Amino acid sequence: MEELLSRYGLWAVFFGTMIEGDLTLLLSGVLARAGVFDFGQAFLVGTAGGFVGDTLSYFIGARFRGRAQSLKFFQRAQPRLERLMRKFGVLSMFIVKYVYGLRTASAMFYGLAHFGFGRFAPITVASCGVWVAILTGLGFTFATGLEKLIGDIRRFQIILLLAVIILITIYAISRFERRVIEEDKEFFGDDGDKE
């Protein structure tokens, strides 16, 4: 992914965000820090790629309802999406960006559910913008911090940095998903709370 982003620049950010956004966005932040392109470009192109990807999924759900419902990844994601919608309503469109495997399924879900595109589009643009800003910003910030600590960024440091960021992100998302979505608890609440 790093080589693709370096070679094809913003086109790789656009298509990478459509397909597998998290890693693409983290890497685009690191590469923006390294001067391959600037942060503003990575933000705009990443947001556009996320919006186009979500819009395609939305229209697949809306147009091919029967087939979309029979897809295995959608069937696995549907109960989680329904719990998220019940608990967070429209805010779930922001949350699904950080739960692996739900971003595409959620856009299909909104298409299936006859959620009007006039409502879907602006909320999706906003949620994509926040998602891109956070992940690209993490890549950019951590690359900056590493550069200050050890000087020039080398390939090994970038890989190590991304591994740490990904592990921390996976831990936070799995904790959030387990506590808030699956167990219906407060995220920051005490494990030992009694009723």
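Q: Is S127 buried or exposed?
A: The model is predicted: local features need pLDDT of at least 70, side-chain atom pairs count only at pLDDT 80 or more, and totals for chains, interfaces and linings use all residues. Numbering runs from 1 along each chain as its sequence is written, and side-chain values use heavy atoms, without hydrogens or water. Buried means under 20% relative accessible area, exposed over 50%, partly exposed in between (1.4 Å probe, protein chains only). S127 has a relative accessible area of 1%, so S127 is buried.

Q: Which backbone oxygen does the side chain of S127 reach?
A: S127 sits in helix α9, residues 117-150. Helices (H or I, at least four residues) and strands (E, at least two) are DSSP runs, numbered from the N terminus. At 3.1 Å, the side chain of S127 reaches the backbone oxygen of T124.

Q: Which residues does S127 touch, not counting residues up to four places away in sequence?
A: Contact means heavy atoms within 4.5 Å. Leaving out residues up to four places away in sequence, S127 touches M93, F94 and K97.

Q: Which helix gives the most to the nonpolar patch on the surface?
A: Y8, W11, F15 and I19 form this patch, with about 550 Å² of accessible area together (Shrake-Rupley method, 1.4 Å probe; for residues, only the protein chains shown count as cover).

Q: Is I19 buried or exposed?
A: I19 is found in helix α2. Its relative accessibility is 72%, so I19 counts as exposed.

Q: How many helices and strands does the protein chain have?
A: Along the sequence, the pattern is α-α-α-α-α-α-α-α-α-α. The chain has 10 helices and 0 strands.

Q: What share of the contacts with a separation of 6 or more comes from residues 24 or more positions apart?
A: The protein chain has 195 residues, and 41% of them count as buried. Among contacts with a separation of 6 or more, the share from residues 24 or more positions apart is 73%.

Key: Patches are made of residues with over 30% relative accessible area and no salt bridge: like charges are joined within 9 Å, nonpolar side chains (Val, Leu, Ile, Met, Phe, Trp, Tyr) within 5 Å. A salt bridge is a side-chain nitrogen of Lys or Arg within 4 Å of a carboxyl oxygen of Asp or Glu. A polar contact is a pair of N or O atoms within 3.5 Å; within protein, one must be able to donate a hydrogen and the other to accept it, and residues adjacent in sequence count only if both atoms are side-chain atoms.
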